[in-house]
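Please find below my note on the model under review. The points are set out by region.

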Amino acid sequence: MPTILGLSGSLRKASFNAGLLRAARDVAPDGTSIEIGEIHDVPLYDADDEKANGLPEAVKRLQSRLDAADALLMVSPEYNKSIPGVFKNTIDWMSRGDGLKYFTGKPVMLIGASPSGFGTILGQNAWLPVLRTLRTRLWTGGQLMVSGAGDKFDEDGNLTDGETRDQLRKLIAEFVKTL
Ligand SMILES: Cc1cc2nc3c(=O)[nH]c(=O)nc-3n(C[C@H](O)[C@H](O)[C@H](O)COP(=O)(O)O)c2cc1C
């Protein structure tokens, strides 16, 4: 049974991206488990802190969940046409210590949602050098960039749009077939 670690790159309570991740968990094929990881407790990366105290507990937890998972699902907002700092900060911390070992060869599915008309296309592109540097295996068999998110999620950030849900279901099923 494949296990996928799912991370949303937003700290917002009613986040579209966190909602998209929950929807992904709900539509995953039978026998596939998408386990949602927590990035709220990850501090800002500080090399002095790392030298003095090692990796924070929140980072170690994420690393061990990534190690145990068959794949990583990243659901990323787009900030200023690029990667949101909080998400990059988390991945940077996770890459420290033995981190590269956990990313190397790991299948990654990358999706995102935005209220704009372009649905995180540039944000997703901005992740490419990071995922390559971490030696992940980015899945390129399909893409999901949810645009106009304001009309597709409710006020709590739950996905309400049936078409997007169907696209997500098909995409995850395709991804899972490769695991
Ligand atoms: C600093 C900042 C920069 C942003 N830049 C973009 C952008 O370049 N493209 C875009 O589509 N949305 C941009 N947005 C809007 C986000 O897509 C929107 O806030 C979205 O709700 C964030 O995702 P979330 O709902 O998961 O928190 C930006 C928002 C912030 C706070």
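1. A residue is called buried under 20% relative accessible area, exposed over 50% and partly exposed in between (1.4 Å probe, protein chains only). Phenylalanine 118 has 63% relative accessibility and therefore counts as exposed. This residue is found in the loop between S4 and helix H6 (121-133); helices (H or I, at least four residues) and strands (E, at least two) are DSSP runs, numbered from the N terminus.

2. The model is predicted: local features need pLDDT of at least 70 and side-chain atom pairs count only at pLDDT 80 or more, while totals for chains, interfaces and linings use all residues. Residues are numbered from 1 along each chain as its sequence is written, and side-chain values use heavy atoms, with hydrogens and water left out.

3. Strand S3 (residues 71-75) is mostly covered, with 5 of its 5 residues buried. In a regular strand, side chains alternate between the two faces of the sheet. Here Ala71, Leu73 and Val75 point one way, whereas Leu72 and Met74 point the other way.

4. S3 pairs in the parallel sense with strand S1 (residues 3-8) over 5 bridges and with strand S4 (residues 107-113) over 4 bridges; pairing requires that DSSP finds at least two bridges between two strands. Leucine 73 stands opposite glycine 6 and also opposite methionine 109 in S4.
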